[in-house]
Amino acid sequence: MRDTASDGLKIAIVGGFGVGKTTLVGAVSEIRPLSTEETMSRAGVGIDEPAGPGGKQSTTVAFDFGRITLDDEMVLYLFGAPGQERFWFLWERLFSGTMGAVVLVDTRRIADSWYAIDRLEHHGLPFIVARNNFGPPQHSLDDLREALSLPPGIPLIDCDARRRQSAKRVLITLVDYLLTYASPAWESMP
């Protein structure tokens, strides 16, 4: 990181189990991400069940961490949160100092996104929603907005968390949203 970097923005990536949070951080980070992925054990059978095919073999047990340098002074710090309910207590700490968040959604399990949205609204954190497409979308973004009860002002976009350009577009959408909609709140801060 450059010696001139003086400002860092903390961004949280949240969502349900197996939705692609670790993948998104890894796709876009300029450094090798710090990952807390551990092999899933038999103890998780019946508890940690990702939807769809794939045979997920590991899971995040703390946070994933990545970094993106925006310019000589500004850096984005990315924190991917674990999605399982038993790790949700970690989210309260994660949200401290966070400028904004991405809620990653798997439309095969929309209900898994409600907790993330609820927590962000509870904390008053600005966020966007990104539908991680695990194949061709089955429903329109308008249908998803309605299913999630998202107000019209919250950005809702499609992404493929495996693709760097797509992951970058998600983060650009969040930063644009923060600059456009959250700047009046920042200006009133001492």
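Two exercises on a predicted model follow, each with a worked solution. Local features need pLDDT of at least 70, side-chain atom pairs count only at pLDDT 80 or more, and totals for chains, interfaces and linings use all residues. Residues are numbered from 1 along each chain as its sequence is written, and side-chain values use heavy atoms, with hydrogens and water left out.

**Exercise 1. Find the buried residues of helix H1 and what they pack against.**

Step 1. Locate the helix. H1 covers residues 21-28. Helices are DSSP runs of H or I, at least four residues; strands are runs of E, at least two; both are numbered from the N terminus.

Step 2. List the buried residues (under 20% relative accessible area, 1.4 Å probe, protein chains only). They are Lys-21, Leu-24, Val-25, Ala-27 and Val-28.

Step 3. Look down the axis of H1. The buried residues fall within an arc of 165°, so they line one face of the helix. The arc is taken from the directions from the helix axis to the C-beta atoms. An α-helix has 3.6 residues a turn, so residues three or four places apart point the same way.

Step 4. Name the partners. Contact means heavy atoms within 4.5 Å. The buried residues of H1 pack against strands S1, S4, S5 and S6, and against helix H5.

**Exercise 2. Describe the aromatic cluster of Phe-65, Tyr-77 and Phe-79.**

Step 1. Apply the rule: ring centres pair within 6.5 Å, and planes under 30 degrees apart count as stacked. The count comes to 2 aromatic pairs.

Step 2. Take Phe-65 and Tyr-77. They are stacked, 6.0 Å centre to centre, with 20° between the planes. Phe-65 lies in strand S4 and Tyr-77 in strand S5, 12 residues apart.

Technical notes. Buried means under 20% relative accessible area, exposed over 50%, partly exposed in between (1.4 Å probe, protein chains only). Rings of Phe, Tyr and Trp (its six-membered ring) pair if their centres lie within 6.5 Å; planes under 30 degrees apart count as stacked, over 60 as edge-to-face and the rest as tilted.
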